[in-house]
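The points below concern the interface and one set of record annotations.

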Amino acid sequence: MKKLVQTFAVIFIVSFALMFWVQRLNASEGYAGGNTITVYNWGEYIDPDLIKQFEKETGIKVIYETFDSNEAMMVKIRQGGTSYDVAMPSEYAIQKMKEEGLLLKLDQSKLPNLKNIDERFLNLPFDPDNEYSVPYFWGTVGIVYNKKMLGDRTFDSWNDLWADDLKNQILLVDGAREVIGFGLNSLHYSLNDKNKVHLQEAKDKLVKLQPNIKAIVGDEIKMLLVNEEAPIGVIWSGDAADIMWENENLDYVVPEEGSNLWFDNMVIPKTSKNIEGAHKFINFMLDAEVAAQNAEYVGYSTPNKAAMSILPEETVSDERFYPSPELTDRLEVYENLGQDMLSYYNDLYLEFKMHTK
Amino acid sequence: MIMPILLIVYYSFLDIHGNFTLANYQKFFTPVYLKMTLSSFWYALLITAVSLLVAYPTAFLLTRTKYKQLWLLLIILPSWINLLLKAYSFIGIFGTYGFANALLEVFGIGKKQILFTDFSFIFVSVYIFIPFMILPIFNALDKLNPSFIDASRDLGASGWTTFRRVIFPLTFDGVKSGCQVVFIPALSLFMLTRLIAGNRVITLGTAVEQHFLVTQDWGMGSTIAVFLIISMVIIMLLTGNKKRGGVG
């Protein structure tokens, strides 16, 4: 027993020493002045070759860190322990961060490549005039279905999910806004609807979907759909593109009633110590060729118009991931509902989850 | 130790805007949360009962084996592996094309949905908690003086009577601490409810997670946490014992 304690003590001391050393090392690099930036991005969301290319072109060293949720990212930026220079939050997180004063204004004169971005994706309600953010990737919420398992069935409407013969066939992603959102969409309401009668109606309708739902899961939904655990899933287009590579039987569709349009964006958090370098990085990522290479690597839809002309024709003309303008008009960006309404959405969602078969 | 609990109590009186309120407690007593509380208790009870049913005979057999410390180590070993990893491997095993279903096919039973059912949820939870049930019971059984059993047999008691009148009462402390260590965390399970039960089982833990991470409604999350703490204290008092056997 004593030996065990000693061994553990040694392990602890060694790991603390290492941690301290790494932190010192990071600090000495991070604060060394104008030649490093810290980029904080979602996992597997950039072509690593591009980071090397950026380092070579500008002589700025990139420290790259990843997060797996907007909430986790905001907590770390709020605490300010690490001096993040560029981060990639989703649009609703930007509104929150703006309110909390966590973002620095962009100097657009240092971002000449901003002209490459499609006008449709500029000046959006979550950040008018792109004062704080530049779009990085975008996408939709839709239905992934397995052609082999379902035959000729298609999902042009959200209401197709309610079919009687789909008992126990649907996987949902565990997100209040996504689920309540398509409930609202199926009734032709806006997914930013604040009318409690409409919301209640959407919840009641979703409760009726329960027999068809096999499970409500998180990121595992990708693995489960690839493994053909269920033939239908409601997920984000980016994830859909990912898994369609892995399983050729899968197809993706955005139902005609409309859906969510989401953005991940580049911002400069207030923790930045190298604002100049951060602008250089953002401008670099907006370059047509860089954006095209990145889009090809990541597989998400790029908002970069100039990059789209470089990308292969079959990618850009794929209406599943680059929907036609008519459909795009029916897509809505999540608006900040305010704490009270968001709470109400979540309560309804919890109630919906409580109604198990 | 006390600080976090005081903080939780403090937060439970705040609404989402940080104003003082009692609304969170009112909300807790609505059917949604009461139903959730009931289902949490029900599942925790099932998990504890199944764990006990499996753990007691296992611990008993362990004390009779030759290399009992080695066997014990083998049983404890899985608890060194991260919970998330174990949960993910169970998704693979219980999946439609997983090992469990392949086995059912071989026996001619045919494919069944195992993942996202009550069965898989209870099974995996028991698998995860069972070392904590076995340990205290094993320790209690191990410390049991064998001469008591001999005496009981000499006095003409049958095997069952010996167990009921001698062995079980003498190891009851171990059983109690085992139940505590399993029941209390089982009450607030959250990750497994999503990974293994696919949110088909909703417990208070799920709600706490959602309130803290998604809604950022720390007040409501804390209110549920306060209720969990109170119920834990009540359980500790009910099953309270001065000296606890094994790990606590």
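This is a predicted model: local features need pLDDT of at least 70, side-chain atom pairs count only at pLDDT 80 or more; totals for chains, interfaces and linings use all residues.

1. In one salt bridge, the side chain of A:Asp347 meets that of B:Lys27, with an N to O distance of 3.0 Å.

2. On the side of chain A that touches chain B, strand 6 (213-217), helix 8 (220-226) and helix 15 (339-354) each supply at least two residues. Helix 15 of chain A gives the most to that side, with eleven residues. By class, the side of chain A that touches chain B comprises twelve charged, eleven nonpolar and eight polar residues.

3. As to extent, 31 residues of chain A and 30 residues of chain B take part in the contact. Between them the two chains bury about 2,700 Å², with 54% of this area on carbon and sulfur atoms. Of the area that chain A buries against chain B, 23% comes from A:Glu220, A:Leu350 and A:Met354, more than from any other three residues.

4. For chain B, an unreviewed UniProt entry annotates residues 41-63, 70-99, 119-138, 181-198 and 218-238 as "transmembrane region". In the model, residues 41-63 of chain B are 100% helix, and the end C-alpha atoms of this span lie 32 Å apart. Residues 218-238 of chain B are likewise 100% helix, with end C-alpha atoms 30 Å apart.

Methods:
Residues are numbered from 1 along each chain as its sequence is written. Chains are lettered from A and ligands numbered from 1 in the order in which they are written. Side-chain values use heavy atoms; hydrogens and water are left out. Contact means heavy atoms within 4.5 Å. Buried area is the accessible area (1.4 Å probe) that two parts lose on being put together, summed over both. A salt bridge is a side-chain nitrogen of Lys or Arg within 4 Å of a carboxyl oxygen of Asp or Glu. Helices (H or I, at least four residues) and strands (E, at least two) are DSSP runs, numbered from the N terminus. Ala, Val, Leu, Ile, Met, Phe, Trp, Tyr, Cys and Pro count as nonpolar, Asp, Glu, Lys and Arg as charged, and the others, Gly among them, as polar. UniProt positions are given in the numbering used here, feature names are shortened, and annotations may be inferred rather than shown by experiment.
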